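Please open the structure in a viewer and have the selection tool ready.

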Amino acid sequence: EETKKTMYQRLDNPNPQVFDTRNDLPKRVKIEKSDDDETPEPFDSLEVFNLLKNINDPEHPYTLEQLNVLQLEYITVDDASSEIVVRFKPTIPHCSMATLIGLCIRVKLLRSLPSRFKVDIQITPGSHNTEDAINKQLNDKERVAAALENTQLIGLVNASLQTKIIQA
């Protein structure tokens with residue numbers, strides 16, 4: 001009990017606000033596969049959101065969607081130019097897990113999307129004290145590659161990507 005109490009005293013945000021997940025989102029319409037295998041299947045922001053919404057927060061037993069860190073409105077997809085921008089909003093302006101959350105988002109998309117996409121991960125403007133520095137880290141290919149070679153860090157990322165939804 002004392003260990004658990006000490007652990008929660010170290011959290012950046014020991015009592016985050018938990019939100020209901022959205023049930024009002026439209027279902028994605030499945031497009032018939034064409035005979036032309038060269039034509040890429042179109043992607044939209046809803047599909048990207050569905051890939052990311054169940055990522056677990058590294059600090060709390062909730063998903064990024066449940067903590068409102070990630071919202072459909074924060075995602076833009078330009079399928080024609082193969083560009084995706086994902087913004088996320090940490091629960092507090094001094095969140096020490098913001099870089100790790102962004103890395104989890106990047107890894108999930110690297111593992112899930114076709115390689116044709118250029119992905120830009122950003123903190124929602126005005127939502128973090130060091131957003132410019134974190135945005136630079138998250139979009140620097142060499143820094144991301146180095147982070148992915150760190151076995152401890154990739155272990156944290158993989159743990160966050162395991163599906164385990166807790167109902168609030």
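The stops below concern confidence, a pair of helices and a pair of rings.

This is a predicted model, in which local features need pLDDT of at least 70 and side-chain atom pairs count only at pLDDT 80 or more, while totals for chains, interfaces and linings use all residues. Residues are numbered from 1 along each chain as its sequence is written, and side-chain values use heavy atoms, without hydrogens and water.

**Confidence.** Colour the protein by pLDDT, the predictor's confidence in each residue, from 0 to 100. The mean is 84, and 76% of the residues reach 70 or more. Over residues 1–9 the pLDDT is below 50. Where pLDDT is low, the predicted coordinates should not be read in detail.

**Two helices.** Next, select H2 (residues 45–52) and H3 (residues 98–112), whose axes come within 10 Å and cross at roughly 115°; axes are lines fitted to C-alpha atoms, for helices over the stretch in contact, and angles run from 0 to 180 degrees between N-to-C directions. H2 is therefore roughly perpendicular to H3 (65 to 115 degrees). Show the side chains of Val 48, Leu 51 and Leu 52 in H2, which meet Ile 105, Lys 108, Leu 109 and Ser 112 in H3 (contact means heavy atoms within 4.5 Å).

**Two rings.** Finally, select Phe 43 and Phe 117, an edge-to-face aromatic pair with 5.2 Å centre to centre and 85° between the planes (centres within 6.5 Å, planes over 60 degrees apart). Phe 43 lies in the loop between H1 and H2, and Phe 117 in the loop between H3 and strand E3 (118–123), 74 residues apart.

Key:
Helices (H or I, at least four residues) and strands (E, at least two) are DSSP runs, numbered from the N terminus. Angles under 35 degrees count as roughly parallel, over 145 as roughly antiparallel, 65 to 115 as roughly perpendicular and the rest as oblique. Rings of Phe, Tyr and Trp (its six-membered ring) pair if their centres lie within 6.5 Å; planes under 30 degrees apart count as stacked, over 60 as edge-to-face and the rest as tilted.
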